[in-house]
Amino acid sequence: MGAQKSIHAGKAKIDVNVDFTHKICASMMLPSLRNTGSPLSLVIGRYCHFSLCIKHPNLFGGSEKLDVSWDKGLYDSNILVAYRRPRPQWVAQQCFVMQHSLSPEIGVHGIPVDNFSRSGSGGVNLSRFSVGLDLNEPASSKWSSTTSVKFENVRLLSDDGRSITRDLDGFPVTCSGNAHDSMVVLKQESQYAKANEHSFSRFTMQIEQGIPVLSKWLIFNRFKFVASKGIKLGPAFLLTSLTGGSIVGDMAPYQAFAIGGLGSVRGYGEGAVGSGRSCLVANTEVTFPLSKMLEGSVFLDCGTDLGSGRLVPGNPAMRQGKPGSGVGFGYGLRFKSPVGHFQVDYAINAFQQKTLYFGVTNLAS
(Lines give C-alpha, C1' and ligand atoms only; values in the text may rest on other atoms or scores of the structure.)
Protein backbone atom coordinates (compact mmCIF):
# COMPACT_ATOMS: atom_id res chain seq x y z
CA MET A 1 0.00 0.00 0.00
CA GLY A 2 3.05 2.22 0.29
CA ALA A 3 6.78 2.35 0.91
CA GLN A 4 8.64 3.49 4.02
CA LYS A 5 12.36 3.96 4.67
CA SER A 6 14.06 4.89 7.94
CA ILE A 7 17.53 6.47 7.98
CA HIS A 8 19.62 7.02 11.11
CA ALA A 9 22.02 9.98 11.03
CA GLY A 10 23.78 10.11 14.38
CA LYS A 11 21.02 10.38 16.97
CA ALA A 12 18.52 11.73 14.49
CA LYS A 13 16.03 9.50 12.69
CA ILE A 14 14.57 10.29 9.27
CA ASP A 15 11.41 8.52 8.11
CA VAL A 16 10.42 8.75 4.44
CA ASN A 17 7.00 7.39 3.53
CA VAL A 18 5.14 7.25 0.22
CA ASP A 19 1.54 6.21 0.89
CA PHE A 20 -0.83 5.24 -1.93
CA THR A 21 -3.85 4.73 0.33
CA HIS A 22 -3.99 7.76 2.61
CA LYS A 23 -5.97 9.86 0.15
CA ILE A 24 -8.24 7.16 -1.25
CA CYS A 25 -11.09 8.11 1.07
CA ALA A 26 -11.21 11.69 -0.22
CA SER A 27 -10.86 10.60 -3.82
CA MET A 28 -13.90 8.34 -3.60
CA MET A 29 -16.05 11.23 -2.37
CA LEU A 30 -14.73 14.17 -4.36
CA PRO A 31 -14.37 14.73 -8.08
CA SER A 32 -11.13 16.06 -9.44
CA LEU A 33 -10.52 19.46 -7.86
CA ARG A 34 -8.70 20.79 -10.86
CA ASN A 35 -8.63 20.03 -14.53
CA THR A 36 -5.15 18.62 -14.99
CA GLY A 37 -5.83 16.94 -18.32
CA SER A 38 -3.37 14.15 -17.47
CA PRO A 39 -4.64 10.71 -16.37
CA LEU A 40 -1.37 10.08 -14.54
CA SER A 41 -1.65 13.31 -12.58
CA LEU A 42 -5.20 12.38 -11.58
CA VAL A 43 -3.97 9.06 -10.21
CA ILE A 44 -1.12 10.72 -8.32
CA GLY A 45 -3.37 13.48 -6.99
CA ARG A 46 -6.02 11.08 -5.80
CA TYR A 47 -3.98 8.22 -4.44
CA CYS A 48 -0.38 9.27 -3.72
CA HIS A 49 0.67 10.88 -0.46
CA PHE A 50 4.28 11.65 0.45
CA SER A 51 5.49 12.24 3.99
CA LEU A 52 8.88 13.03 5.47
CA CYS A 53 9.61 12.98 9.19
CA ILE A 54 12.83 13.93 11.00
CA LYS A 55 13.16 13.21 14.73
CA HIS A 56 15.98 14.09 17.11
CA PRO A 57 15.64 12.71 20.67
CA ASN A 58 18.46 14.76 22.28
CA LEU A 59 18.94 18.00 20.36
CA PHE A 60 21.09 19.98 22.82
CA GLY A 61 22.21 17.15 25.09
CA GLY A 62 19.42 17.64 27.65
CA SER A 63 16.81 15.24 26.23
CA GLU A 64 15.21 18.00 24.17
CA LYS A 65 13.12 16.51 21.36
CA LEU A 66 12.73 17.96 17.88
CA ASP A 67 10.16 16.64 15.41
CA VAL A 68 9.90 17.98 11.86
CA SER A 69 7.28 16.51 9.51
CA TRP A 70 6.17 17.29 5.98
CA ASP A 71 3.08 15.79 4.35
CA LYS A 72 2.42 16.47 0.67
CA GLY A 73 -0.37 15.56 -1.68
CA LEU A 74 -1.01 17.06 -5.11
CA TYR A 75 -3.36 19.75 -3.77
CA ASP A 76 -2.56 19.90 -0.05
CA SER A 77 0.50 20.10 2.17
CA ASN A 78 1.35 20.39 5.86
CA ILE A 79 4.65 21.30 7.57
CA LEU A 80 4.96 20.87 11.34
CA VAL A 81 7.90 21.69 13.64
CA ALA A 82 7.60 20.70 17.31
CA TYR A 83 10.22 21.27 20.03
CA ARG A 84 9.81 19.76 23.51
CA ARG A 85 11.89 20.33 26.62
CA PRO A 86 11.94 17.71 29.41
CA ARG A 87 9.96 18.61 32.52
CA PRO A 88 8.91 16.70 35.65
CA GLN A 89 5.84 14.53 35.11
CA TRP A 90 3.79 16.38 37.75
CA VAL A 91 3.94 19.74 35.90
CA ALA A 92 2.53 20.73 32.51
CA GLN A 93 4.59 19.55 29.54
CA GLN A 94 5.54 22.35 27.16
CA CYS A 95 5.81 22.08 23.39
CA PHE A 96 6.74 24.87 20.98
CA VAL A 97 4.88 24.36 17.71
CA MET A 98 5.17 26.02 14.29
CA GLN A 99 2.92 24.86 11.46
CA HIS A 100 1.96 25.78 7.91
CA SER A 101 -0.81 24.05 5.97
CA LEU A 102 -2.37 24.50 2.56
CA SER A 103 -5.56 22.74 1.46
CA PRO A 104 -8.67 23.27 -0.69
CA GLU A 105 -11.48 24.83 1.36
CA ILE A 106 -14.27 22.41 0.41
CA GLY A 107 -16.43 22.32 3.55
CA VAL A 108 -17.75 25.90 3.24
CA HIS A 109 -16.93 27.03 -0.31
CA GLY A 110 -17.22 23.65 -2.07
CA ILE A 111 -20.03 23.29 -4.62
CA PRO A 112 -22.43 20.34 -4.10
CA VAL A 113 -23.05 18.13 -7.15
CA ASP A 114 -24.94 14.89 -7.89
CA ASN A 115 -27.79 15.60 -5.44
CA PHE A 116 -25.35 16.72 -2.72
CA SER A 117 -23.49 13.39 -2.72
CA ARG A 118 -20.20 15.03 -3.71
CA SER A 119 -18.55 18.44 -3.35
CA GLY A 120 -16.42 20.11 -6.02
CA SER A 121 -13.91 22.91 -5.74
CA GLY A 122 -15.24 26.42 -5.17
CA GLY A 123 -11.94 28.00 -6.18
CA VAL A 124 -10.93 28.81 -2.59
CA ASN A 125 -7.86 27.37 -0.83
CA LEU A 126 -6.84 27.88 2.78
CA SER A 127 -3.23 28.76 3.69
CA ARG A 128 -2.74 28.80 7.45
CA PHE A 129 0.45 29.66 9.39
CA SER A 130 0.54 29.30 13.17
CA VAL A 131 3.18 29.51 15.89
CA GLY A 132 2.70 29.06 19.61
CA LEU A 133 2.96 26.97 22.76
CA ASP A 134 1.10 23.83 23.85
CA LEU A 135 0.76 22.93 27.56
CA ASN A 136 -0.27 19.35 28.33
CA GLU A 137 -1.55 19.08 31.89
CA PRO A 138 -0.73 15.92 33.88
CA ALA A 139 -3.51 13.41 33.19
CA SER A 140 -5.65 11.94 35.96
CA SER A 141 -7.20 8.48 35.72
CA LYS A 142 -10.08 9.71 33.54
CA TRP A 143 -9.43 13.37 32.66
CA SER A 144 -6.80 15.00 30.46
CA SER A 145 -6.46 18.58 29.25
CA THR A 146 -4.35 20.67 26.88
CA THR A 147 -4.00 24.44 26.78
CA SER A 148 -2.42 26.30 23.88
CA VAL A 149 -1.86 29.87 22.83
CA LYS A 150 -1.00 30.54 19.20
CA PHE A 151 -0.68 33.32 16.67
CA GLU A 152 -2.42 32.46 13.41
CA ASN A 153 -2.30 34.07 10.00
CA VAL A 154 -4.84 32.82 7.47
CA ARG A 155 -4.62 33.66 3.79
CA LEU A 156 -7.09 32.61 1.07
CA LEU A 157 -5.74 31.59 -2.33
CA SER A 158 -7.23 30.82 -5.71
CA ASP A 159 -6.59 27.50 -7.46
CA ASP A 160 -3.60 29.03 -9.27
CA GLY A 161 -2.03 30.28 -6.01
CA ARG A 162 -3.02 33.98 -6.10
CA SER A 163 -4.21 35.76 -2.96
CA ILE A 164 -7.93 36.50 -3.07
CA THR A 165 -10.30 38.56 -0.96
CA ARG A 166 -13.57 37.39 -2.57
CA ASP A 167 -15.05 34.10 -3.74
CA LEU A 168 -16.37 33.27 -7.21
CA ASP A 169 -19.64 35.10 -6.44
CA GLY A 170 -17.86 38.26 -5.28
CA PHE A 171 -18.41 37.84 -1.54
CA PRO A 172 -15.57 38.38 1.01
CA VAL A 173 -13.68 35.26 2.11
CA THR A 174 -11.94 36.88 5.10
CA CYS A 175 -13.33 38.67 8.14
CA SER A 176 -11.08 41.71 7.74
CA GLY A 177 -11.84 42.12 4.04
CA ASN A 178 -8.11 42.06 3.34
CA ALA A 179 -6.04 39.29 1.80
CA HIS A 180 -5.45 37.70 5.23
CA ASP A 181 -6.82 37.44 8.77
CA SER A 182 -4.61 37.54 11.88
CA MET A 183 -5.52 36.38 15.37
CA VAL A 184 -4.14 35.17 18.70
CA VAL A 185 -6.09 32.13 19.84
CA LEU A 186 -6.22 30.73 23.37
CA LYS A 187 -7.49 27.15 23.21
CA GLN A 188 -8.52 24.81 26.02
CA GLU A 189 -9.30 21.15 25.30
CA SER A 190 -10.48 18.71 27.97
CA GLN A 191 -11.30 15.04 27.58
CA TYR A 192 -13.00 12.50 29.83
CA ALA A 193 -12.75 8.79 29.05
CA LYS A 194 -14.01 5.73 30.88
CA ALA A 195 -14.02 2.14 29.65
CA ASN A 196 -14.61 -1.42 30.79
CA GLU A 197 -15.16 -4.79 29.11
CA HIS A 198 -18.74 -4.03 28.09
CA SER A 199 -18.88 -0.30 27.34
CA PHE A 200 -17.00 2.97 27.07
CA SER A 201 -17.83 6.66 27.43
CA ARG A 202 -15.92 9.64 26.07
CA PHE A 203 -16.53 13.38 26.22
CA THR A 204 -14.36 16.07 24.63
CA MET A 205 -14.80 19.83 24.92
CA GLN A 206 -12.84 22.45 22.97
CA ILE A 207 -13.04 26.19 23.68
CA GLU A 208 -11.20 28.77 21.54
CA GLN A 209 -10.99 32.46 22.40
CA GLY A 210 -9.70 35.08 19.99
CA ILE A 211 -7.67 37.63 21.96
CA PRO A 212 -7.73 41.25 20.66
CA VAL A 213 -3.99 42.00 20.82
CA LEU A 214 -4.46 44.50 17.96
CA SER A 215 -7.67 46.28 16.97
CA LYS A 216 -7.92 44.59 13.56
CA TRP A 217 -7.37 41.06 14.87
CA LEU A 218 -10.34 38.70 15.22
CA ILE A 219 -12.26 38.53 18.52
CA PHE A 220 -14.45 35.45 18.89
CA ASN A 221 -15.41 32.54 21.10
CA ARG A 222 -15.80 29.12 19.52
CA PHE A 223 -16.67 25.91 21.30
CA LYS A 224 -17.17 22.34 20.15
CA PHE A 225 -18.07 19.16 22.01
CA VAL A 226 -18.13 15.47 21.10
CA ALA A 227 -19.91 12.94 23.33
CA SER A 228 -19.77 9.25 22.45
CA LYS A 229 -20.97 6.03 24.04
CA GLY A 230 -20.29 2.44 23.08
CA ILE A 231 -22.14 -0.59 24.43
CA LYS A 232 -21.58 -4.27 23.74
CA LEU A 233 -24.85 -6.03 22.83
CA GLY A 234 -24.02 -9.71 22.74
CA PRO A 235 -21.74 -10.24 19.72
CA ALA A 236 -22.69 -6.81 18.32
CA PHE A 237 -21.46 -3.37 19.36
CA LEU A 238 -23.57 -0.18 19.43
CA LEU A 239 -21.79 3.16 19.03
CA THR A 240 -23.57 6.50 19.33
CA SER A 241 -22.12 10.00 19.22
CA LEU A 242 -23.33 13.58 19.38
CA THR A 243 -21.27 16.50 18.08
CA GLY A 244 -22.15 20.15 18.42
CA GLY A 245 -20.63 23.60 18.45
CA SER A 246 -21.14 27.32 18.02
CA ILE A 247 -19.17 30.50 17.43
CA VAL A 248 -19.94 34.07 18.49
CA GLY A 249 -18.13 37.30 17.70
CA ASP A 250 -15.97 38.01 14.65
CA MET A 251 -16.14 35.30 12.03
CA ALA A 252 -14.79 34.52 8.58
CA PRO A 253 -16.66 32.04 6.35
CA TYR A 254 -13.86 29.45 6.64
CA GLN A 255 -14.53 29.27 10.42
CA ALA A 256 -18.07 27.96 9.93
CA PHE A 257 -19.02 24.44 10.99
CA ALA A 258 -19.22 22.28 7.85
CA ILE A 259 -21.77 19.45 7.94
CA GLY A 260 -21.65 16.43 5.63
CA GLY A 261 -19.19 13.76 4.57
CA LEU A 262 -17.29 10.93 6.22
CA GLY A 263 -17.09 11.56 9.96
CA SER A 264 -20.22 13.73 9.78
CA VAL A 265 -23.32 12.83 7.74
CA ARG A 266 -22.50 10.04 5.30
CA GLY A 267 -24.31 10.06 1.97
CA TYR A 268 -23.35 13.71 1.43
CA GLY A 269 -20.20 15.36 0.14
CA GLU A 270 -17.95 17.33 2.47
CA GLY A 271 -19.99 20.27 3.77
CA ALA A 272 -22.86 19.49 1.37
CA VAL A 273 -25.51 19.46 4.12
CA GLY A 274 -24.68 22.99 5.22
CA SER A 275 -22.28 25.32 7.00
CA GLY A 276 -23.30 27.52 9.90
CA ARG A 277 -22.33 29.38 13.04
CA SER A 278 -23.73 26.41 14.96
CA CYS A 279 -24.14 22.72 14.26
CA LEU A 280 -25.49 19.49 15.72
CA VAL A 281 -24.61 16.05 14.29
CA ALA A 282 -25.78 12.66 15.61
CA ASN A 283 -24.36 9.31 14.53
CA THR A 284 -25.49 5.79 15.38
CA GLU A 285 -23.75 2.63 14.17
CA VAL A 286 -24.07 -1.06 14.96
CA THR A 287 -21.22 -3.42 14.05
CA PHE A 288 -21.44 -7.21 14.14
CA PRO A 289 -18.87 -9.94 13.41
CA LEU A 290 -19.03 -11.84 10.12
CA SER A 291 -15.74 -13.68 10.56
CA LYS A 292 -12.56 -13.40 12.60
CA MET A 293 -11.29 -10.47 10.54
CA LEU A 294 -14.48 -9.10 8.96
CA GLU A 295 -17.30 -7.05 10.51
CA GLY A 296 -20.51 -5.73 9.05
CA SER A 297 -22.20 -2.48 10.04
CA VAL A 298 -25.41 -0.51 9.65
CA PHE A 299 -25.54 3.20 10.41
CA LEU A 300 -27.74 6.29 10.57
CA ASP A 301 -26.37 9.85 10.52
CA CYS A 302 -28.17 13.17 10.76
CA GLY A 303 -27.04 16.76 11.07
CA THR A 304 -28.30 20.34 11.05
CA ASP A 305 -26.92 23.88 11.13
CA LEU A 306 -29.75 24.86 13.53
CA GLY A 307 -30.82 27.59 11.11
CA SER A 308 -27.50 29.42 11.50
CA GLY A 309 -26.31 29.15 7.89
CA ARG A 310 -27.72 32.60 7.11
CA LEU A 311 -25.56 34.06 9.90
CA VAL A 312 -22.30 33.14 8.17
CA PRO A 313 -20.85 36.18 6.33
CA GLY A 314 -21.88 36.02 2.68
CA ASN A 315 -24.27 33.12 3.42
CA PRO A 316 -22.35 30.64 1.22
CA ALA A 317 -24.63 27.72 2.13
CA MET A 318 -27.75 29.46 0.79
CA ARG A 319 -25.99 30.59 -2.38
CA GLN A 320 -24.95 26.98 -3.07
CA GLY A 321 -28.44 25.65 -2.33
CA LYS A 322 -27.42 23.53 0.66
CA PRO A 323 -30.45 22.21 2.59
CA GLY A 324 -29.13 23.03 6.10
CA SER A 325 -30.12 19.62 7.47
CA GLY A 326 -29.77 16.08 6.20
CA VAL A 327 -30.07 12.39 6.98
CA GLY A 328 -27.92 9.56 5.65
CA PHE A 329 -28.09 5.82 6.26
CA GLY A 330 -26.45 2.72 4.91
CA TYR A 331 -24.29 -0.28 5.60
CA GLY A 332 -20.63 -1.20 5.40
CA LEU A 333 -17.79 -3.61 6.00
CA ARG A 334 -14.82 -3.38 8.38
CA PHE A 335 -11.80 -5.56 7.58
CA LYS A 336 -8.98 -5.87 10.12
CA SER A 337 -5.64 -7.27 9.05
CA PRO A 338 -1.97 -6.99 10.07
CA VAL A 339 -1.50 -4.57 7.16
CA GLY A 340 -4.17 -2.16 8.33
CA HIS A 341 -7.86 -1.52 8.91
CA PHE A 342 -10.05 -1.17 5.83
CA GLN A 343 -13.50 0.42 5.86
CA VAL A 344 -16.12 0.46 3.11
CA ASP A 345 -19.43 2.32 3.60
CA TYR A 346 -22.37 2.48 1.21
CA ALA A 347 -24.61 5.42 2.10
CA ILE A 348 -27.86 6.93 0.80
CA ASN A 349 -28.87 10.52 1.50
CA ALA A 350 -32.30 12.15 1.73
CA PHE A 351 -32.26 12.74 -2.04
CA GLN A 352 -31.82 8.97 -2.62
CA GLN A 353 -28.34 9.58 -4.00
CA LYS A 354 -25.89 6.76 -3.26
CA THR A 355 -22.26 7.27 -2.20
CA LEU A 356 -19.42 4.80 -1.64
CA TYR A 357 -16.73 5.58 0.94
CA PHE A 358 -13.45 3.71 1.25
CA GLY A 359 -10.92 4.34 3.99
CA VAL A 360 -7.66 2.83 5.22
CA THR A 361 -6.20 3.40 8.68
CA ASN A 362 -3.43 2.13 10.92
CA LEU A 363 -1.17 0.95 8.12
CA ALA A 364 1.76 -1.12 9.25
CA SER A 365 5.23 0.16 8.40
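1. Arg319 and Asp167 form a salt bridge through their side chains, at 3.0 Å from N to O. A salt bridge here means a side-chain nitrogen of Lys or Arg within 4 Å of a carboxyl oxygen of Asp or Glu. Arg319 sits in helix 3 (residues 316–319) and Asp167 in the loop between strand 10 and strand 11, so the pair ties together parts that are 152 residues apart in sequence. Arg319 is partly exposed at 25% relative accessibility, whereas Asp167 is buried at 11%. Buried means under 20% relative accessible area, exposed over 50%, and partly exposed in between (1.4 Å probe, protein chains only).

2. A word on the source. This is a predicted model, in which local features need pLDDT of at least 70 and side-chain atom pairs count only at pLDDT 80 or more, while totals for chains, interfaces and linings use all residues. Residues are numbered from 1 along each chain as its sequence is written, and side-chain values use heavy atoms, with hydrogens and water left out.

3. The overall make-up comes next. The chain has three helices and 21 strands. Helices (H or I, at least four residues) and strands (E, at least two) are DSSP runs, numbered from the N terminus. Of the 365 residues in the chain, 40% are buried. Among contacts between residues at least 6 apart in sequence, 56% join residues at least 24 apart; contact means heavy atoms within 4.5 Å.

4. His109 also touches Asp167. His109 lies in the loop between strand 6 (93–104) and strand 7 (111–113). It counts as buried, at 4% relative accessibility. Leaving aside neighbours within four places in sequence, His109 contacts Gly122, Val124, Asp167, Val173, Pro253 and Gln320.

5. The structure holds 14 salt bridges. One of them joins Arg84 and Asp67, at 2.9 Å from N to O. Arg84 is in strand 5 (residues 77–84) and Asp67 in strand 4 (residues 65–72), so this pair links parts that are 17 residues apart in sequence. Arg84 is partly exposed at 34%, and Asp67 is partly exposed at 25%.

6. Arg266 and Asp345 meet in a salt bridge at 3.1 Å, N to O. Arg266 lies in the loop between strand 15 and strand 16 (274–276) and Asp345 in strand 20 (residues 341–349), so the pair ties together parts that are 79 residues apart in sequence. Arg266 and Asp345 are both buried. Salt bridges that share partners join Arg266, Glu285, Asp301, Arg334 and Asp345 into one network.

7. The largest nonpolar core has 26 residues, and Leu156, Met183 and Tyr254 touch the most other members. Such a core is a set of buried Ala, Val, Leu, Ile, Met, Phe, Trp, Tyr and Cys residues joined through side-chain atoms within 4.5 Å.

8. Strand 13 (residues 220–233) and strand 14 (residues 236–249) pair antiparallel over 14 bridges. Strands pair if DSSP finds at least two bridges between them. Asn221 has Val248 of strand 14 as its bridge partner. Two residues separate the strands in this hairpin, and Gly234 takes a positive phi near 65°. Strand 14 also runs antiparallel to strand 17, with 10 bridges joining the two. Phe237 stands opposite Thr287 in strand 17.
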